[in-house]
Amino acid sequence: MKTKLFLSLALGLTHAAVAAAKLNVVATLPDFGVIAQEVGGDNIKITTLARGTEDPHFVDARPSFIRVLNQADVLLEGGAELEVGWLPPLLTGARNAKILIDGPGRVVMSRGIRLLGLPTGPIDRSMGDVHPAGNPHYWLDPANGKIMAGQLAEVFSRLDAANADAYRANLKKFSDRLDQKIAGWTKALEPYRGVKVVTYHKSYEYFAERFGLFVVGQIEPKPGIEPSPTHITALIPRMKLEGVKLLLIEPNRPRRTPDYVAKATGARLLLLPDKVGAHEKVTDYIGLFDYDVAQIVAALKESK
Amino acid sequence: MKLKYILALVTCLSALPLAAQVNAEVDLLKQQLQAVKDAFEKAQAESRRQIEELTKRLDAVAQQQSATTNEQQKWRDWMNSPVTPGRTPLPGERAWSAADPIRLAGGGAASYLNLSFAALVAAGGSTAKNIEALQLGGHDPKQRGFTVQNLELTLDGKVDPYFRGQANIILQIDSAGETVIEAEEAFLETVSLPWNLQVKAGQFFTEFGRLNPTHPHTWDFVDQPLINGRFLGGDGLRNPGVRLSWLVPTPFYSELFLAVQNSQGETATSFRNDHEGEPFLGRLHDSGSVKAFNDMLFAPRYVASFNLSDAQTLMVGASAAFGPNGSGPRADTQIYGLDFFWKWKPAHQHGGFPFVTWQTELMMRRYQAGAFTEDLDGNGALDATDADLNGDGLLNSVPREMLTDYGVYSQIAYGFQKGWVAGLRADFVTRSRRAAYEAVYGNDPDRDQRWRISPNLTWYPSEFSKVRLQYNYDRRSHIGADHSIWLQFEFLLGAHAAHKF
């Protein structure tokens, strides 16, 4: 009886050890999560905090996240003050040394990425919600996806050396696929290089830079500030003058003002997922660009 | 000769249609050439335009890039240059002068000390004669005209690899125009203790219920709920002490707290508080001194949270506070509380909107009040050393008795559009029965039944400012109904502390 008990206990322990061997990775945004999944494969377990349909600056610090962060081996955060409004108290509550600011499992996804919109002069809050560290919506350039995957492979290999080869192989597979895809997307959008667009928030700057869209302005007068009549009445003639073809908004934005602007200018209003999960058809990183590029091409073909 | 002429004539005549034919062909060719030329020029113009546009954009990008690198180089040079009055300022930057703000945290990643300042000011009035008695909260608007409710300076940051520190220094301007300063909170908190433990030590708000540990500028209403004012005090339940918390390894979030704090003073109103010599619950109080460990204030709390769906979160908690009170020997107070918070925020949210929150707290206080006699010197005659509380010229005394009070508030906030929140709160407080001392001194408004309804509307121009309009309908038993209207303004400078759930 005693041996049986010991045996089951020992089995239980080894079982726990095996389960613990799987790296427990927590991602603030689904985009970081899906890239980590590509690199980590079956050797990691991913939990994502924010949903793709949410405004990433205003995620509720749900208490269940404290529990999740408490158990995490790795935390993937966007950096550039993306989650400054909700992550810090969760981390205090989670009391997990592995994911503290200098912890072995703390990963800032923006590392190594050239951030756009770095303020060059003095800034203050009268300019709206300007991020001193630069525009944090960088995952919308698929080339940055490769940089993020590269860092993840490095971190996973360091924390789980036994599977380093698998991580390296997954990284190569993902990077190659992404390279091929980038070439395809670039080709698909080639005929429309220089097409003028207006966005709601400065969310598509990286996408526009990669694929040659020309962002003329935003529906928001200043980052994070709601559209005002003064701004909209100035924006409409400017859009007409510039010949703006597309109005790109994230699916979670209110439609009323963008609808009005689209009608007044003849620009086509396009709900363009900015994150994985922002549309039900967008379930992985490559799928995000497949969907967005197809949407833009279809819209521009129609408006020709 | 004639023949020659005729021949020439004939030749000319026959050549005429030929010439016409050639001319037509030339015209056609010319037209074609023109068309080709036009198309070529058009294409060339288009290419030129495209080249120009691309060059312009390339220039802009290059310029931006070089500006950034130049900027970075200049910054590096500046950082490395010795600190002297003559140091070259950065472009757009002057040399520091005494009138300039002091920056404690450099931009970007450096974060040694987050500094923020929140100002909460209200204007309005009430039909109540004595507004100070109507509004129980220490930071509530309390007079007709303007009230500076709360000027709060918050400092926080990581102390070292082991602790996080926070201090909230409050300034307030009272109705006499005096500026009052309060060390509201100043505590350190461990960052990563083993076994999921966390210790907080210093001066801090007791984690009792949902509202007590929060600061006024985060509240959904202009004033404090009545149960908080009556049982935990106008300035909230807070004192120096230490608190241990344990993140319980349940599949859902749950946390257990135990605080041990000093039990005396005005920030522990239901405990060892002398009420500045004023009668409280029909007795004069003496804050006494700590003689044993159980003369401290003990406050346990358990809180759990469940995700009801992708869009709904529920948080429930149970709290208690135990400690001696100042009404006599072996006189203890027990306060029990239940709190409930539900939030709905759809999967598609923009700037945190829309949302609905529903928050409810219930509290019960059992106050063991000691026997009290106005005959303080015990000589049986009313003289100068005695306290004739009701001025009836008699030596009254009240027996030792248990005073039980309870109450509830429930509030709903609906963020219907980015920046706009409509709220409704209902308050109710009452005593379980009329006490013996109330038979002597009359109904005590600090225990008598009272309810209040408060609708409000808040506009947040940004996360750093708000304007709020609130109406209160108050009904106090044995006093009557009152109407109050308050307009509240807030601004926030510096680091905006992230919101806890």
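Predicted model: local features only at pLDDT ≥ 70, side-chain atom pairs only at ≥ 80, totals over all residues.
The points below cover helices in chain A, then strands and loops in chain B.

**Helix 2 of chain A**
- Helix 2 spans residues 30-40 of chain A, and 9 of its 11 residues are buried, so the rest of the structure largely encloses it.
- The buried set runs from A:Pro30, A:Asp31, A:Phe32 and A:Gly33 through A:Val34, A:Ile35 and A:Ala36 to A:Val39 and A:Gly40.
- These buried residues pack against three strands of chain A: strand 1 (23-27), strand 2 (44-48) and strand 3 (74-77).
- They also pack against helix 5 (142-159), helix 6 (164-189) and helix 10 (285-303) of chain A.

**Helices 8 and 9 of chain A**
- Helix 8 (residues 229-242) packs on helix 9 (residues 256-265) of chain A at an angle of about 40°, and their axes are 9 Å apart.
- That angle makes helix 8 of chain A oblique to helix 9 of chain A.
- The crossing of the two helices is right-handed.
- Helix 8 of chain A contributes A:Ile232, A:Ile236, A:Met239 and A:Lys240 to the contact.
- Helix 9 of chain A contributes A:Thr257, A:Tyr260, A:Val261, A:Ala264 and A:Thr265.
- By class, the contact holds 6 nonpolar, 2 polar and 1 charged residues.

**Strands 7, 8 and 9 of chain B**
- Strand 7 (residues 253-261) and strand 8 (residues 297-307) of chain B pair antiparallel, over 9 bridges.
- In strand 8 of chain B, B:Arg301 stands opposite B:Phe257.
- Strand 8 of chain B also runs antiparallel to strand 9 (residues 312-324) of chain B, joined by 8 bridges.
- B:Thr313 in strand 9 of chain B stands opposite B:Asn307.
- A hairpin of 4 residues links strand 8 to strand 9 of chain B.

**Backbone features in chain B loops**
- B:Asn196 has a positive phi near 60° and is not a glycine.
- B:Asn196 sits in the loop between strand 4 (179-190) and strand 5 (197-205) of chain B.
- Its relative accessibility is 19%, so B:Asn196 counts as buried, the cut-off being under 20%.
- B:His275, also not a glycine, has a positive phi of about 50°.
- B:His275 lies in the loop between strand 7 and strand 8 of chain B.
- B:His275 is buried, at 12% relative accessible area.
- The peptide bond from B:Phe353 to B:Pro354 is cis, with omega near -5°.
- B:Pro354 belongs to the loop between strand 10 (332-344) and strand 11 (355-369) of chain B.

Conventions
Residues numbered from 1 in each chain as written. Chains lettered and ligands numbered in written order. Heavy atoms only, no water. Axes fitted to C-alpha atoms, helices over the stretch in contact; angles between N-to-C directions. Parallel < 35°, antiparallel > 145°, perpendicular 65-115°, else oblique. Left-handed = near helix turned anticlockwise from the far one by under 90°. Contact = heavy atoms within 4.5 Å. Nonpolar A, V, L, I, M, F, W, Y, C, P; charged D, E, K, R; others polar. Pairing = 2+ DSSP bridges. Buried < 20%, exposed > 50% of the residue type's maximum accessible area, 1.4 Å probe, protein only.
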